[in-house]
Amino acid sequence: MSSELKHTRNIGIMAHIDAGKTTTTERILFYTGTSHKMGEVHDGTATMDWMVQEQERGITITAASTTTFWNYNDQKYKINIIDTPGHVDFTVEVERSLRVLDGAIAIFCAVGGVEPQSETVWRQADKYNVPRIAFVNKMDRPGADFFGVVQQIREKLGAKPVPLQIPIGSEDSFIGLIDLIERRAIVWEPDETLGMKYHYTEIPADMVDEVEEWREKLIESVCELDDDLLERFLEDRTSITVEEFMDHTRKAVIGHRIVPVLCGASFKNKGIQRLLDAVCCLLPSPVDIGSVKGVNPYTEKTEERNPDEKEPLAALAFKIATDPYVGRLVYLRVYSGVVKSGITVLNPRTGKKDRINRLYQMHANKQYPKEVIEAGDICAAVGLKEIATGDTICDIKHPISLETMSFPEPVIGIAIEPKTQADVDRLGMALNKLAEEDPTFRVKTDEDSGQTIISGMGELHLEILMDRLRREFNVDCNQGAPQVSYKEALVNTVSHREVFKKQTGGRGKYADIEVEFAPADNGVSGLQFIDQVKGGNVPREYIPSVEKGFRDAIRNGVLASFPMESLKVILKDGSYHPVDSDSLSFEIAAKQAFKHALKKASIRLLEPVMSIEVVTPEEYMGDVIGDFNRRRGQITGMESKASSRIIKVNVPLAEMFGYVTVLRTLTSGRATSSMEFSHYAEVPQEIAIEVIEKTTGTKTLV
């Protein structure tokens, strides 16, 4: 195992919109010498926001990765950074980044604190067990409250925040910070030095008591996690060295027992160097994370791969992007072994071999060619053909399939058509490329109207994709009004026997199945198939075909062809014909059983419900709540923050189109809102009838 691996950090930067992720990344690139000029988000010059749409809107849309180096304690550390979006419409970019990272920096705005998307990314990091450190940014802003944010991290996120630093001053008077462990103040020079220079000074006299109080809390928080350390601390605290204390702090971070909190003001170039030190000192290397588990696709046994270049190759494809010059770029996290340009690898999902033509280390949208990438590193490969996001690539002789990723279902769709006949073929190719890149983007053709329907995570998501179609692929499209992705659900239990017979002269078709349909168990989505056939009445080789038939059938429900959210199907019995039965007959029987049985059943329409948080000045609160009542909203909580009110509400997505414009009008542009998918809920009957009639074009009986 190379010693380099101990000094490698794979980190992500995650936060709510506008907390300062990209600005912080730009400062990191500047101080580490990777870039020689600081890019700014508001000027459209940020290195990591390289897409035209990102530069125009001042938001991050796609997760960009880069590699940089930092010297800490006379040791050079390699840091692979992924800057992720904050907008909920691009949550897939955060999800897939966290799946392959070893650590993360969670950035919080010193004024906004823990905001809705902060909670979402925190939950995603919990899901993938990513250790993290918190950075309270924008300490120079009016209303900045470092200790208030620490309190919110504890209360809203259920974490154990432990400040390693506290700020000297806030708002306009924020000049530096105090290192609680070293008991000394750090003050940055005036801005002409671009934050490169800072000096150590004595702790201001009026802060000595506060520093001692927080220092005690820090030491106790770490010591109480280790019995030996606690014993020594109580006997003689001078016996614990700073190095030893930091070593225990690091173990606590990697074990998800504490979250160290740092502070600064990225835009004013304060606090970044100390943040980089903390990344090197406290976040894990691939060695600390240890082995990764996977399943051998041939033996179906669990196997492990250690972060070592001597082990067989195992890497995860976590992102696919199309580059106009080099073609299809597949971003890989290498967990074990080495990847070399020119080697042939196996994709266990498809069972096919593929060749890697070229390898690159990425810096935003620029590629630097590499011959070899070792375990623990992140790179991009060109040449892999039949690969999808979440696929494993591995050594041909040592196959392994790593745990893949789960992605949220799209909740909104629009119908599109090319403006000219010449664009028809180009549109198909462009949509395929975009769907390859983004697992939350779906394309389907409506069977009745023949229209192309594209679906995504929100209005902004689809707007960006339409913009990319026009700019990157030169395809102009007309688009329809946004449509909600409804689903159907069964509410009672139905038994059914389906006999499929077809005689066409010669060999016929025959399948007979007895099934029971019921609502799926809690927490199950999609098809829950249970085989209860006894005595070989339906031969084993036909059972997968029955399951496949039902899996295909639930994509189009019986009410208005919306997909079934979930369905339990129990195969009870059946019969077969020794000559006429085959796999296809049983697949068709399953599809027909679904159609015939569910027409007799009780089906409900479900709609996506969004969780919305509005921050509004108090005088507009009545208008905002009144508007939500008209939109079938249910208030779930209200809080006060300074002179503002925070309103939390669940509202059906169907009622939320164009809401941002309405909110601006109601509050003279002074309120802000954020929205994310919450759950599916039953549609009230009168609205369900309207939706079904509009979708099917036929009147329904109540």
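Student: Is R645 buried or exposed in this model?
Tutor: Keep in mind that the model is predicted. Buried means under 20% relative accessible area. R645 has a relative accessible area of 17%, so by that cut-off R645 is buried.

Student: Which residue forms a salt bridge with R645, and how far apart are the closest N and O atoms?
Tutor: R645 sits in strand β37 (residues 644-652), while its partner lies in the loop between β35 (603-617) and α16 (621-630), so the pair ties together parts that are 27 residues apart in sequence. The salt bridge joins R645 to E618, and the closest N and O atoms are 3.0 Å apart.

Student: What about R468 and E472, how many helical turns separate them?
Tutor: Those two form a salt bridge too, with the closest N and O atoms 2.8 Å apart. R468 counts as buried at 12% relative accessibility, whereas E472 is partly exposed at 40%. Both are in helix α13 (residues 459-473), and because they are four residues apart there, the separation is about one helical turn.

Student: Which side chain makes a polar contact with the side chain of D102?
Tutor: D102 is in the loop between α4 (91-100) and β4 (103-109). With a relative accessible area of 3%, D102 is buried. At 2.9 Å, its side chain contacts the side chain of R333.

Methods
Residues are numbered from 1 along each chain as its sequence is written. This is a predicted model: local features need pLDDT of at least 70, side-chain atom pairs count only at pLDDT 80 or more; totals for chains, interfaces and linings use all residues. Side-chain values use heavy atoms; hydrogens and water are left out. Helices (H or I, at least four residues) and strands (E, at least two) are DSSP runs, numbered from the N terminus. Buried means under 20% relative accessible area, exposed over 50%, partly exposed in between (1.4 Å probe, protein chains only). A polar contact is a pair of N or O atoms within 3.5 Å; within protein, one must be able to donate a hydrogen and the other to accept it, and residues adjacent in sequence count only if both atoms are side-chain atoms. A salt bridge is a side-chain nitrogen of Lys or Arg within 4 Å of a carboxyl oxygen of Asp or Glu.
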